[in-house]
Amino acid sequence: MRKLFTEWAMEIAEDSKVRSTCLSRQVGAVIIKDKQIIATGYNGAPTGAIHCTDIGYCIRKKRGIPSGQGLELCRAGHAEANAIDQCARRGTSCENAVLYVTTQPCVFCCIHIIQSGIKKVIFKGAYPTGLGLELLNESGVSYMKYEDALKEEKAEQEKKHDREMERVREFLDAPEPY
């Protein structure tokens, strides 16, 4: 059976995270518009800055700062923001695009998502703050956990397959016009 689009897209996000230079958590993202990839992103230091993998430590971990806190001390841009920034750098609109990301976006990334015009976010995992999702909801940006998106797409594909099989039967039953 053909791989579901959501599964394929999330695999690209997963593949993107291996480029991360963050020692705390590897995150990958892909932005897709009209079923075409327009950007990928992973978390890491800004272009030209020294990476945590080169320094050899994470300042937040070194100071014992819990996940989701002390983000102003982090050298890394987040995968979602980096993908959006790639679009901005190339002049590519994110309007009505879908973002697939390997973890739930933080509040700062949710603000970037809203401002960029992305219409839907599909994510894995959870983040220790719910404010980001609240802002997405208030702003009309839909979001779903990856597992729920897969179930929804699978159900849609089954219905589509049934309709297509009816067309195939009609095609096969019709006399050949040529």
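A nonpolar surface patch here joins nonpolar side chains (Val, Leu, Ile, Met, Phe, Trp, Tyr) within 5 Å, taken from residues with over 30% relative accessible area and no salt bridge. Keep that in mind for the first stop. The model is predicted.

**Stop 1: the nonpolar patch**

Select Met-165, Val-168, Phe-171, Leu-172 and Tyr-178. Together they make a nonpolar surface patch of about 600 Å². Now pick out Phe-171. This residue sits in helix α7. Its relative accessibility is 60%, so Phe-171 counts as exposed, the cut-off for that class being over 50%.

**Stop 2: the whole chain**

Zoom out and switch to a cartoon. Count seven helices and five strands. Starting at the N terminus, the order of elements is α-β-β-α-α-α-β-α-β-α-β-α. How does the radius of gyration of the protein compare with the globule rule? The value is 20 Å, well over the 16 Å that the rule gives for 178 residues, so the protein is more spread out than a compact globule. The spans are about 75 × 30 × 30 Å. Colour by accessibility next. Of the 178 residues, 37% count as buried.

**Stop 3: salt bridges within helix α7**

The structure holds five salt bridges. Two of them can be viewed on helix α7, which covers residues 146–173.

Select Arg-167 and Glu-164. They form a salt bridge, with the closest N and O atoms 3.0 Å apart. Why are the two separated by about one helical turn? Because they are three residues apart in helix α7. Arg-167 counts as exposed at 54% relative accessibility. Glu-164 is partly exposed at 33%.

Select Arg-169 and Glu-166. This pair also forms a salt bridge, its closest N and O atoms being 3.2 Å apart. Both residues lie in helix α7, three residues apart, about one turn of the helix. Arg-169 is partly exposed, with 42% relative accessibility. Glu-166 is partly exposed too, with a relative accessible area of 37%.

**Stop 4**

Select Lys-124 and Glu-14. Their side chains meet in a salt bridge of 2.8 Å, N to O. Which parts of the chain does this pair link? Lys-124 is in the loop between β4 (120–123) and α6 (131–138), while Glu-14 is in helix α1 (residues 5–16). The two residues are 110 residues apart, and the pair links distant parts of the chain. Lys-124 counts as partly exposed at 22% relative accessibility. Glu-14 counts as partly exposed at 21%. Both values can be set against the cut-off for buried, which is under 20%.

**Stop 5: negative charge**

Select Glu-147, Asp-148, Glu-152 and Glu-156. These four form a negative surface patch. Focus on Glu-152, which is found in helix α7. Is Glu-152 buried, partly exposed or exposed? It is partly exposed, at a relative accessible area of 37%.

**Stop 6: positive charge**

Select Arg-2, Lys-35, Lys-159, Lys-160 and Arg-163. They gather in a patch of positive charge on the surface. Two members deserve a click.

Lys-159 is found in helix α7. With a relative accessible area of 57%, Lys-159 is exposed.

Arg-163 is in helix α7 as well. At 52% relative accessibility, Arg-163 counts as exposed. Now draw a C-alpha to C-alpha distance from Arg-163 to Val-30. The two are 31 Å apart in space and 133 residues apart in sequence.

**Stop 7: His-78**

Select His-78. Find it in the loop between α3 (59–62) and α4 (79–90). His-78 is partly exposed, with a relative accessible area of 22%. The gap is 8.8 Å in space, against 28 residues in sequence.

**Last view**

Glu-152 belongs to the negative patch. Lys-159 and Arg-163 belong to the positive patch. Phe-171 belongs to the nonpolar patch.

Conventions:
Residues are numbered from 1 along each chain as its sequence is written. This is a predicted model: local features need pLDDT of at least 70, side-chain atom pairs count only at pLDDT 80 or more; totals for chains, interfaces and linings use all residues. Side-chain values use heavy atoms; hydrogens and water are left out. Patches are made of residues with over 30% relative accessible area and no salt bridge: like charges are joined within 9 Å, nonpolar side chains (Val, Leu, Ile, Met, Phe, Trp, Tyr) within 5 Å. Accessible areas come from the Shrake-Rupley method with a 1.4 Å probe; for residues, only the protein chains shown count as cover. Lys and Arg count as positive and Asp and Glu as negative; His and the chain ends are not counted. The place of a charge is taken as NZ of Lys, CZ of Arg, CG of Asp or CD of Glu. Helices (H or I, at least four residues) and strands (E, at least two) are DSSP runs, numbered from the N terminus. Buried means under 20% relative accessible area, exposed over 50%, partly exposed in between (1.4 Å probe, protein chains only). The radius of gyration is taken over C-alpha atoms; the globule rule is 2.2 Å times the number of residues to the power 0.38.
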